[in-house]
Amino acid sequence: MATTEADVLWMLDLMDRVEGTPVVAGGWGVDALVGARTREHRDLDVLVPEPAVDALISALEDEGFVVTTDWRPVRFELSDASTDRHIDIHPAFDDGHAGWWQHGFAGERFETPASTITHGLIGGRTVQC
């Protein structure tokens with residue numbers, strides 16, 4: 001089953017409540033740039049500011065999600081088996097220049113410069129991607 005546009009909008013609202021404004025990545029990030037869903041997506045991939053990660057996990061767990069993959073500090077996934085919704089969270093750290101960086105598996109540091117972050121649309125909602 002796919003994570004739907006309605007699921008994505010619900011997750012984005014939840015992230016707003018915990019002040020975890022994400023950068024949408026992966027397939028939904030591409031679709032946001034296009035402005036329409038181009039295919040089904042299993043999950044929502046997001047870069048989330050690291051200071052908001054614990055609050056986001058707690059809020060998702062309160063909604064029935066459980067951690068199903070935990071490769072922190074690189075990434076982790078939470079899933080809700082009852083609805084087949086999935087969110088793949090990549091903790092992101094402020095680079096001091098309005099961009100982000102993430103940990104890699106072998107100690108790398110992956111940069112997302114501010115110049116590469118733009119805006120797109122998901123369900124009529126403007127998102128960072």
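Select Phe65 and show the residues around its side chain. Leaving aside neighbours within four places in sequence, Phe65 is in contact (heavy atoms within 4.5 Å) with Trp10, Leu60, Leu78, Ser79, Asp80, Arg85 and Ile87. The model is predicted: local features need pLDDT of at least 70, side-chain atom pairs count only at pLDDT 80 or more, and totals for chains, interfaces and linings use all residues. Residues are numbered from 1 along each chain as its sequence is written, and side-chain values use heavy atoms, with hydrogens and water left out.

Is Phe65 buried or exposed? Its relative accessibility is 2%, so Phe65 counts as buried. The cut-offs are under 20% relative accessible area for buried, over 50% for exposed, and partly exposed in between, with a 1.4 Å probe and protein chains only. Phe65 sits in the loop between α3 (53-62) and β3 (66-71). Helices (H or I, at least four residues) and strands (E, at least two) are DSSP runs, numbered from the N terminus.

Which residues of α3 are buried? They are Val53, Leu56, Ile57, Ala59 and Leu60. These residues cover an arc of only 165° around the axis, which puts them on the same side of α3; the arc is that of the directions from the helix axis to the C-beta atoms. After α3 comes Gly64, with a positive phi near 100°.

The next stops concern the backbone. Most residues other than glycine have a negative phi, and most peptide bonds are trans.

- Select Arg72 and Pro73. A cis peptide bond joins them, with omega about 15°. Pro73 is in the loop between β3 and β4 (75-80).
- Select Glu19, in the loop between α1 (5-17) and β1 (23-25). Phi of Glu19 is positive, near 55°, and the residue is not glycine. Glu19 is exposed, at a relative accessible area of 69%.
- Select Asp84, in the loop between β4 and β5 (85-94). Its phi is also positive, near 60°, again in a residue other than glycine. With 23% relative accessibility, Asp84 counts as partly exposed.

Finally, clear the selection and show the whole chain. How many helices and strands are there? The protein chain has three helices and nine strands, in the order α-β-α-β-α-β-β-β-β-β-β-β. The radius of gyration of the chain is 14 Å, close to the 14 Å that the globule rule gives for 129 residues, so the chain is as compact as a globular protein of that length. That radius is taken over C-alpha atoms, and the rule is 2.2 Å times the number of residues to the power 0.38. Along the principal axes, the C-alpha atoms fill a box of roughly 40 × 30 × 25 Å. Colour the chain by accessibility: buried residues make up 47% of the 129 residues.
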